[in-house]
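Subject: Structure handover

Hello,

Here is the structure you asked to look at. Please open it alongside this email.

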Amino acid sequence: MKRPVITQPQLAPVTSIDSHLPAVPASALTPQAIRARLRAQPFWTPEFAGDGGLFVDREPAGAAVLVPLVQREAGLNLLLTRRADHLRDHAGQISFPGGRVEPEDDGPVATALRETEEEIGLSRNYIDVIGQLPVYATVTAFQVTPVVALVAPGFRLQLDDFEVAEAFEVPLAFLMNPAHHQHHRFEFGGHERRFLSMPWQGPEREYFIWGATAAMLRNLYRLLSSS
């Protein structure tokens with residue numbers, strides 16, 4: 001069953017906000033703590049395995065994204081992109097850098113590093129891969145592997161203007177606080193969709209982080225907050 005496309009997700013009604021859940025403590029958001037947690041991989045259950053349903057009838061394809069945690073003096077920031085408005089898939093949406101696995105890629109890490117360099121010009125010389133999150137299935141039939149990495153400061157970005165409208169950073173502590181996690185419900189033509197969002201007010205505009213990006217971040221929250 002195909003599901004309705006959401007073109008203005010920020011207008012979908014908010015059904016609940018997870019302010020009752022604890023934020024990940026600052027001590028668990030250091031580079032050392034996140035590296036150790038990913039290495040140990042304690043027993044935990046990802047909250048979101050995928051979007052559910054498909055918009056397209058095609059065989060699933062492999063993809064990988066980078067979850068780039070930039071090491072700033074005030075703490076870790078997550079580097080995200082806003083996709084160009086003219087793109088066919090996920091136009092204008094907030095996303096991780098990444099894309100489809102190509103035949104020459106030696107696994108998801110290679111895909112994530114290659115796509116990140118192509119999309120935003122972030123050299124792998126600044127990137128320290130520290131682990132992966134569970135595969136996430138999107139409505140566009142991609143099996144996405146999130147590759148978590150620490151990024152050293154001092155880099156310069158060079159955006160691929162065709163694919164990326166801008167790149168920006170969000171404090172990881174903000175995203176790992178469920179008081180900023182909103183649940184939405186959308187119904188059209190007898191079909192229903194539910195999704196998560198994490199709106200963030202930047203210096204000049206609000207960024208509506210939602211869908212697969214928000215879901216993968218929620219999975220990261222579950223990992224970092226698991227006992």
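This is a predicted model: local features need pLDDT of at least 70, side-chain atom pairs count only at pLDDT 80 or more; totals for chains, interfaces and linings use all residues.

Residues are numbered from 1 along each chain as its sequence is written, and side-chain values use heavy atoms, with hydrogens and water left out.

A nonpolar core here is a set of buried Ala, Val, Leu, Ile, Met, Phe, Trp, Tyr and Cys residues joined through side-chain atoms within 4.5 Å. Buried means under 20% relative accessible area, with a 1.4 Å probe and protein chains only. The largest nonpolar core has 43 residues, and Leu69, Leu175, Met176 and Ile209 touch the most other members. Elements that each supply at least two of its residues include strand E2 (61-72) and helix H4 (211-225); helices (at least four residues) and strands (at least two) are DSSP runs, numbered from the N terminus. H4 gives the largest share, eight residues. A second, separate core has 14 residues, among them Ala64 and Ile127.

Phenylalanine 155 sits in the loop between E8 and E9. Phenylalanine 155 counts as buried because its relative accessibility is 13%. Leaving out residues up to four places away in sequence, phenylalanine 155 touches Val70, Arg72, Leu122, Tyr126 and Glu169, where contact means heavy atoms within 4.5 Å.

Proline 13 lies in the segment before strand E1 (14-17). Apart from neighbours within four places in sequence, proline 13 is in contact with His183, His184 and Arg185.

Regards

Conventions
Buried means under 20% relative accessible area, exposed over 50%, partly exposed in between (1.4 Å probe, protein chains only).
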